[in-house]
2 protein chains.
Amino acid sequence: MYIHLIITVAVSLIALAVAALFAREVLQADTGTPKMQEVAAAIREGAEAFIKRQYTTIAILGVVVAILLFLVYVIAGDLDTAWHTAVAFVFGAFCSGLAGVIGMWIAVRANLRSAAAARTSAGRAIVLALRGGAVSGLTIVALSLLGVSLIFTAFGSNPQETPFLIVGFGFGASFIALFAQLGGGIYTKAADVGADLVGKVEAGIPEDDPRNPAVIADLVGDNVGDCAGRGADLFESTAAENIGAMILGVALYPYFGVNGILFPLVARALGLIATIVGILAVTEKGAEKGSPMDALNRGYYICAALATLFFLGASYYLFGPAYYLWFFAAGLVGIILSIVFVHITLYYTDYTHRPVLEIVKASVTGPATNIISGMSVAFETTAIPAIAIGIALVLSFDLGVWSGIPNGGFYGTAIATMGMLATCAYVLAMDTFGPIVDNAGGIVEMSGESEETQKKIARLDAAGNTTKALTKGYAVGSAALSAFLLFSAYMDKVTEIVQKTPSMASYVFNVVNLANPVVFVGALLGAMLVFLFSAYAIRAVGETAQYIILEVRRQFQDKGILAGTKKPDYASCVDITTRGALRNMVLPGVIAVAFPVFVGVVLRHEAMAAFLMVATIVGVLMALVLNNGGGAWDNAKKFIETGEYGGKKSEAHKAAVVGDTVGDPFKDTAGPSLHVLVKLLATTTLVLAALYI
Amino acid sequence: MYIHLIITVAVSLIALAVAALFAREVLQADTGTPKMQEVAAAIREGAEAFIKRQYTTIAILGVVVAILLFLVYVIAGDLDTAWHTAVAFVFGAFCSGLAGVIGMWIAVRANLRSAAAARTSAGRAIVLALRGGAVSGLTIVALSLLGVSLIFTAFGSNPQETPFLIVGFGFGASFIALFAQLGGGIYTKAADVGADLVGKVEAGIPEDDPRNPAVIADLVGDNVGDCAGRGADLFESTAAENIGAMILGVALYPYFGVNGILFPLVARALGLIATIVGILAVTEKGAEKGSPMDALNRGYYICAALATLFFLGASYYLFGPAYYLWFFAAGLVGIILSIVFVHITLYYTDYTHRPVLEIVKASVTGPATNIISGMSVAFETTAIPAIAIGIALVLSFDLGVWSGIPNGGFYGTAIATMGMLATCAYVLAMDTFGPIVDNAGGIVEMSGESEETQKKIARLDAAGNTTKALTKGYAVGSAALSAFLLFSAYMDKVTEIVQKTPSMASYVFNVVNLANPVVFVGALLGAMLVFLFSAYAIRAVGETAQYIILEVRRQFQDKGILAGTKKPDYASCVDITTRGALRNMVLPGVIAVAFPVFVGVVLRHEAMAAFLMVATIVGVLMALVLNNGGGAWDNAKKFIETGEYGGKKSEAHKAAVVGDTVGDPFKDTAGPSLHVLVKLLATTTLVLAALYI
C-alpha cells in the first residue's frame, strides 16, 4: 500500500472518529420540553420512513443497473472489467447511501437539541447545529475518500490501470445522488407547495402552524431534500472528481509517478483536517457575539486559509520544486472561483442588491409582473458565472501547460477542481446547518415557545437560508469546473480501450469536431436533455403537490382542525408525500440514465463527447437560472415581509408568494438535480465508454 | 448576366406587380362606417409614427455599424472588401426596411377593409386579409431575391468570388431584423401587458374596450410586432440563407458550375410563383364554406405541392440527371420538416391536446401552479423538435454525401433549407393575416358593430392566432435547419481568407474541437448569450409596461373615462409605448451585436465557431421554450374562457390570465427575437470572419 493511501485512510478514519465525537456531543445535549420532543419525533419518524422507502426503491433500481452493467461487459467479452465495474458500482452506491443515512440520522436529532439550546443561548444553538452539520459533512467526505482509497487498493493499486477500473465507484455514487436529490427535492417542494397553497393562501394560517396537516411533511422535506440530497450530490462530486483526476494523473505518470495519480486523494485528506479545525473554531462564546453568519464565516475562512496552506505543502512534496508552483496556482484558481461564486450568488439572491429589489418592485403590479421580472433576473444570473468559469478553466489549463509537462493542461483544470473541493466538508457542514435550524424553528413554533426564543431561532434560520443558497452556488461551480476533468477522463478512457486493438495502438481520441453533423446533433440532444429533465423534475413537484393539496383540504373539512381543537393527521400527509415523491422521481431519473446511453449507442463516442460537453454547459447555466431565480423570488418575498411595500397581507406580498412558490421547485428540485445530472452524465459515459466505440 | 439571374429578377418583378395588384384590390374595397374609419386611422397613425421613429433609430445605428465595418476592413488593409461589405450592408438593410414599411403600410389599411367586409361576408373578409398579408409576403421575399440578384450582378457575377463579397447584404438584413423584431416585440407586449393589467385586472373592463387608453397602442402593437417584426425575420432568413447556400455552392463549382451557386435563387423564385397560385386559390366562395383555417390550409397545400414539383424540376435541370434525385430528396426533407414543426407546435399550443389541458387543470389551484405547470410544458416542448431537427440534419447531410460529390454533405443541408423556405412567402402571408384580422376584430368591437359581426370576426381572429403560432414554429425550424449551412459558410469564408496567405494555401478550416478549452469556453459563452439576451428582452417589456401602467392609471383618475362619457387620450399611450420600446431595444440589441465580436476577437475563429454553434443550439431550444410556453398559456386561458372550469371570472381564469401575461413577453418578444439573434450571429461571424483569424 502506498504511503499516500495510508495517509488518506488514516485521515478518513480520524475524520469519522471526530464526526462520532461531534455526534455524541449533540446527542448528549438537552432535548427540551416533552412538547418539543413530540414534534421532533414526528419529523424524525417521517424522515426516517421516507429514507427507508427511498433507499429501498433506489436499491432495486441499483441492482438492476449493476446487473446490466455486468452483462454489458460480459457480452462485450471483457469479464475482468465486468466484475470490477459492477463491484465498484455497488460499493460506491453503498458508501453514498451510508453517508446519506448517517447525515440524516444526526440532522433529525440535532434539530431538537438546537431548538432546546436556543431557549437559553443562541451561541450554543449555533454550535450544536453546526456540529450536527459537521457530522454529515465529515462523514460524507471521509467515506468517499475511504471508499476510493480502499477500492483502489483492493483492485490492485496498479497506478496506470487501476484508476480506469474504479470508475464504477463514481457511477454508483452519482446514481444514488440522482435519485436521492430528485426524490428528496420532489418531497420537500411538494410538501412545501402543498402546505403553503392550502394553509397560507386558502386557509390564511401562518407558516409552520401546527393546525396545518402538511406542516410535519414540510419539515421532514427540509431534511430529505436539502440535507440528504445535497449530501449525496457532494459525495458524488468528491468521488467522481477524485477518480477523474486520478485518470488524468495517469497521463503524467512519466513525470510524477504515483504522486500525480494520488495527489487528489491526499489533497482531500488535508481538506478534511482543515475542516475539523474550522468547525472547532466556531465556539459558543464566539457565536454569541455578532450575527450567526459571522460565526459561520469565521470558521469558513480559517478552514479555507488552512486548506490553501496544506495545498501548497502537498503540491511541493508531491510535484517537486520544479513544478509545484504551477499546480498550486491552478489549485488557487479553484479556491478563488469558489469564493467568487459565493459572492455572485449573494448578489443575485440577497435583498440588499438590485436584482431582488427589482422583483420586489415588480410585485406591486401583481403576480404576472413578479414572475416576468423574476425570470428576467434568473436568466441574467448566468452571465457573470459563465465568464468566471471561462476564465478559471482557461487559466488553470494554461497554468498546467506552462508547467511544461505534456498533458499538463488538463491536469491543471483537475487541480483547480481539487482546490475548489478542498473546503467541501466545511461547506457541507454549513449546508446541513440550514435544515437543522430550519427544523429547530419549526419545533420552537409548533411547541409554542416564547416569542424571544422564536426570534432568536429566526435569525439562525435566516443564516441557514443563506448558507443553503451559497452551497448551491458552490455545487454548481464545482460541477462546471470539474466538467473538463471528466470529459478528459472519458476521452482518455476511450483512447485506452481503442488502443487495446493492436491495429489502433497509436489512436488518440482528442478531437470532438462540432462541425461534423453527427457530433453537432449529439450536442443538440445534450442541450435538449437538460430542458426535458428540468421539465419532468418540475412537473413531478406539481403532481405530488396536487395529492397533498387534496389531502389537506380533506382534513380541513373537519372544522375542529382549523379551530385548533383537534390534532390533524400529520402521518397521512407524510405518507402521501413519500409515495408521491418516490413514484414521480422514477421517470426523470430513468430518462437521465437511459437517454444518454441510447444517444451514445446510436451516434457513437465522438457525438457522445459533444453530448456530454454541451449538456454540461447548458446544465450548469440552467441550474444557475433555476437556483438563483428561486432564491431571488424567495428573498423578494422575505423583503416584503420585513414591512416594505405594504408588508405581509399586502397585494405585493400576495404576488411575491406566487413568485416564491414558483421558485420552490426551481431552486430545490430541478436546479440541484441538474448538478447531479451533469455529473451523472460524465460518470455514465466514463463507465459505458466501451459501448460507444 | 446569367440566365438564372434574369429569371429571378423577372420573377421578383412579377411578384412585386402581383403584390401591387393585391394592394389595389384591398385599397378599393369598402372602408365601412366613419366610426370604423376613425378607429382604423388611430391605429394607422400610431403604427406609422412608430415605424418612422423606429427606422430612424435603426438607421442611425446602421450607419454607425456600416462605418465601423468599412473602417475595420480598411485598417486590415483590404479596401476592396471594405467597400463591398459596407455597400452590401447598407443595401441589405435598405431592402429589408423597405419591405417592412410596405408590409406594414398595407396591413394597417387591410385591417379596416377586412372589418368592413365582415359585416356582410366572412369569405370576403378572409380573402381581403389574406391578400393584404400576401402583399407583405410577396414583397418581402421578392425584394430579398431581387436584392441578392442585383448585388450579385453589380459585384461582378464571378461565381467563385462574388458570393463572399455579398455577405454584407445578409448582415444588413439581420441587423434590421434584430431591431425590428426587438422594438416591435417590446412595443406589442408592453402595450398588451399594460392594457390588460390596468384595464382587465384592475378596472375590470373587457379586452379591446374603447375606454382603455392603451387599447389603440395594443392594436398598433399587433402590427409592429407580429407583422413588421416577423417580416424582417423572414426577410433575413431568405437573404442570409440564400447567400450562405451560394457560398457552399462555390465548393461544388467543379461539378455544377454556376448552377450550384444560383440554385438557391432559382428555387426561391419558383417558390414565389407557387405562392401566387396558392393565394389565388383562396376564393371568397371557398372561404365562405368550412372554417377559416380550412381555407387558408387549402391555399397552403396547393402552394406546397406546387413548390415541391417546381423543386423537382429545378433540381433536374440544374443538377442534371445523375445527381438531381439526391438533392431533390434533401429538399423534400426540408419541406417535410416544416410540416412536422407545424404539427408539433399545434400539439403543444392547441387546447385539444394534453399539454395545454395540463396547464388548465393546474390553474384551478392558482397562479403559482399555473406557472409551474406552464414552465414544465415549455421545457418539454424542446424534445421532439430537437430530435426532428437532428434527423433532418443528418439525413439531408447524408443524402448530399450519397450523391458522391465531395462536400456534397453540407450542400445537402443547404438544399434542405431551401426546401423548407420554398413556401416562405405563403407562410408570411398567413402570418400577416393574423394581425390584420386581430385589428379588424378590434375595429369592429370599438366601433360598436353588431354581435353577429363580432362573432364572425372572432372566428377569423382565432384562425389568425393559430397562423401566428405556426409561423413562429416555422421560423424556429428554418433557423435550426439553416444553422449548418451558415456555420459551413463561415468556415469556408475563414478558409478562403487564410488561403490568401501563400504559406497557408493548403489550410482548410473544418474542425471545431470542443475538447480544446478555449473552444469549449467559446461554446459556454455562446450558450450564456442566449440566456442573457432573453433576460434583457423580457426585462425590456416589463420596464416599458411600467410606463404604460402608470399612464393608464393616471388617465383613469378622470372618472369620465371609465364611465364612457369622455374619450381617453390614446395618442399619449401610443407615444409613451413608442419611446419606451425604442429606448429599451437598444441594450439587448447592442449586446447581441457587440458581445460575439468581443468573444471572437479574444478567443479567435475556432472558439467563435463553437460560440456560434452552441448559441444556435441553445437559441433554438430556448425559442421553442418561450414561443410554445407562451402559446400554451395563452390557449389555456382561452380554453377556460369557453366556459370550462368555471369560465371567465372564475379563480381558474384569474390564474390563467397571470400565465397568459407571463407568456406574452416570452412568445412575442424574447422568443421571436431569438430566431433573429441566431441568424444575426451567423451573419456577423460571416462578415467579420477576418477579425477572428
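# Notebook: a predicted two-chain model

**Leu27(A).** I began with Leu27(A), which counts as partly exposed because its relative accessibility is 30%. I placed this leucine in helix 1 of chain A, the helix that runs over residues 3-28. Setting aside residues up to four places away in sequence, I found Leu27(A) touching Trp105(A), Arg109(A) and Arg113(A). I then took the distance to Ala523(A), 496 residues away in sequence, and the two C-alpha atoms turned out to be 51 Å apart in space.

**Confidence.** The mean pLDDT of chain A is 92, and 100% of its residues reach 70 or more. For the complex I wrote down an ipTM of 0.95 together with a pTM of 0.95.

**Chain A as a whole.** I counted secondary structure next, and chain A has 22 helices and 0 strands. Along its principal axes, the C-alpha trace of chain A spans about 80 × 50 × 45 Å. I asked myself which radius of gyration chain A has, and how that compares with a compact globule of 693 residues. The value for chain A is 24 Å, which agrees with the figure near 26 Å that a compact globule of that length would have.

I also looked at burial, and 69% of the 693 residues of chain A count as buried.

The same surface serves both copies, since 100% of the contact residues of chain B recur in chain A.

**Thr382(A).** I turned to a threonine in the loop between helix 14 (367-380) and helix 15 (383-402) of chain A, namely Thr382(A). Is Thr382(A) buried or exposed? Its relative accessible area is 0%, so Thr382(A) is buried. Leaving out neighbours within four places in sequence, I listed its contacts in chain A as Leu621(A), Leu624(A) and Val625(A), and its contacts in chain B as Met528(B), Phe531(B) and Leu532(B). I also noted that the side chain of Thr382(A) reaches the backbone oxygen of Phe379(A) at 2.8 Å.

**Thr283(A).** Another loop threonine, Thr283(A), sits between helix 9 (258-280) and helix 10 (284-288) of chain A. At 37% relative accessibility, I recorded Thr283(A) as partly exposed. A polar atom of the Thr283(A) side chain lies 3.2 Å from the backbone nitrogen of Gly286(A). For a sense of distance I took Val360(A), which is 77 residues from Thr283(A) along the chain, and the C-alpha atoms of the pair are separated by 37 Å.

**Thr577(B).** In chain B I looked up Thr577(B), which lies in helix 21, residues 570-641. With a relative accessible area of 0%, Thr577(B) is buried. Which residues does Thr577(B) touch, if those up to four places away in sequence are not counted? I found Tyr187(B), Ala191(B), Ala217(B), Thr544(B) and Ile548(B).

**Positive phi values.** Arg604(A) has a phi near 75°, a positive value in a residue other than glycine. This arginine lies in helix 21 (residues 570-641) of chain A, and I recorded Arg604(A) as partly exposed, at 31% relative accessibility. In chain B, Lys649(B) has a positive phi of about 75° although it is not a glycine. I located Lys649(B) in the loop between helix 21 and helix 22 (651-688) of chain B.

Terms used
Residues numbered from 1 in each chain as written. Chains lettered and ligands numbered in written order. Heavy atoms only, no water. pLDDT = per-residue confidence, 0-100. Contact = heavy atoms within 4.5 Å. Helix = DSSP H or I, 4+ residues; strand = E, 2+ residues; numbered from the N terminus. Buried < 20%, exposed > 50% of the residue type's maximum accessible area, 1.4 Å probe, protein only. Polar contact = N/O pair within 3.5 Å; in protein donor to acceptor, adjacent residues only side chain to side chain. Rg over C-alpha atoms; globule rule 2.2 N^0.38 Å.
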